[in-house]
Amino acid sequence: MNVKHLQAIRNVLNDLEPKQKALPYLELDSMMLAQVVEVAKRVSQNDINPTHVQNWVRRKYLPNPLKRKYSREQVANILLINDLRDILSLEEVSQLLGYVNQSLLDTSDDRINPTKLYRYYSETFDCTQMDWEKSLRELEKEVQQTLAEDEMPGEDREKVETTLVILNLLARANLYKQIAKRWLNSLET
């Protein structure tokens with residue numbers, strides 16, 4: 001893999017905390033909104049602020065906090081909603097989380113505790129993220145094979161390769177998004 005590409009990707013990934021870093025916070029009985037937002041900022045690629053969470057409560061995606069404190073189950077759902085909100089609409093996020101736990105406002109109907117769901121999600125995600133380098137090396141090889149017969153100056157080739165790698169990453173992200181959305185739409189809650 002091109003050393004510049006690899007380093008650029010490492011720089012992005014080094015800025016991100018593993019999702020499992022949130023797990024100790026999910027052992028606390030409750031957290032204030034500012035604490036919840038700080039944890040979410042550490043383990044998510046999405047920007048989040050208190051207004052986002054308050055809006056989710058207002059729109060009934062989360063129950064009201066008790067005495068201005070969020071339970072560990074609410075915090076887990078906040079982390080999940082925040083991770084998914086750039087990929088799915090809030091209605092779709094609610095549908096997905098409702099598929100496993102029915103009402104997000106009522107924990108008595110949960111098939112799995114939201115903190116355990118987040119733990120499983122974070123463990124799987126963090127393991128999968130570790131495979132990024134192998135996958136990107138394969139993508140870079142594919143791009144180089146595609147351009148093999150095209151003669152162009154070195155700097156031009158590097159810029160074309162970089163652009164093709166980024167375009168393919170974006171296309172793969174969109175493909176995964178479309179697959180997930182279609183699968184989600186086929187679920188019966």
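**Figure 1. R72 and its salt bridge to D29 in the predicted model.** In this predicted model, R72 counts as partly exposed because its relative accessibility is 25%, which falls between the limits of 20% for buried and 50% for exposed. The side chain of R72 meets that of D29 in a salt bridge, with 2.6 Å from N to O. R72 belongs to helix α4, whereas D29 sits in the loop between α1 and β1, and the pair therefore links distant parts of the chain, 43 residues apart. D29 itself is exposed, with a relative accessible area of 62%.

**Figure 2. The salt bridge between K19 and D83.** Among the eight salt bridges that a search of the whole structure finds, this one joins the side chains of K19 and D83 at 2.9 Å, N to O. Because K19 lies in the loop between α1 (3–14) and β1 (30–32) while D83 lies in helix α4, the pair ties together parts that are 64 residues apart in sequence. Both K19 and D83 are buried.

Figure 3. An α-helix has 3.6 residues a turn, so residues three or four places apart point the same way. R119 is partly exposed at 31% relative accessibility, and E123 is also partly exposed, with a relative accessible area of 30%.

**Figure 4. The largest nonpolar core and a second, separate one.** The largest nonpolar core has 32 residues, and those with the most contacts inside it are V53, W56, Y70, I78, L79, I81 and Y118. Helices α2 (33–43), α3, α4 and α5 each supply at least two residues of this core, and the largest share, seven residues, comes from α4. Leaving aside residues up to four places away in sequence, Y118 touches K19, A22, L23, L26, V43, A76, L79 and L80. A second, separate core has seven residues, including W132, L136, L139 and V143. In soluble globular proteins, nonpolar side chains tend to be buried together.

**Figure 5. Helix α5 and the elements packed against its buried residues.** Helix α5, which covers residues 90–101, has 12 residues and reaches 16 Å from its first C-alpha to its last, close to the 16 Å expected at 1.5 Å a residue. Its buried residues are L90, E92, V93, L97, G98 and N101, and these pack against α3 (50–58), α4 (72–84), α6 (114–129) and α8 (154–186). Just after α5, Q102 takes a positive phi of about 50°.

**Figure 6. A nonpolar patch on the surface.** L175, Y176 and I179 make a nonpolar surface patch of about 340 Å². Of these residues, Y176 lies in helix α8 and is exposed, with a relative accessible area of 58%.

Figure 7. E142 is found in helix α7, residues 132–146, and counts as partly exposed at 38% relative accessibility.

Key. Residues numbered from 1 in each chain as written. Predicted model: local features only at pLDDT ≥ 70, side-chain atom pairs only at ≥ 80, totals over all residues. Heavy atoms only, no water. Helix = DSSP H or I, 4+ residues; strand = E, 2+ residues; numbered from the N terminus. Expected span 1.5 Å × (residues − 1). Buried < 20%, exposed > 50% of the residue type's maximum accessible area, 1.4 Å probe, protein only. Contact = heavy atoms within 4.5 Å. Patch = residues over 30% accessible without salt bridge, like charges linked within 9 Å, V, L, I, M, F, W, Y side chains within 5 Å. Areas by Shrake-Rupley, 256 points an atom, 1.4 Å probe, with all protein chains shown as cover. Salt bridge = Lys/Arg side-chain N within 4 Å of Asp/Glu carboxyl O. Core = buried A, V, L, I, M, F, W, Y, C linked by side-chain atoms within 4.5 Å.
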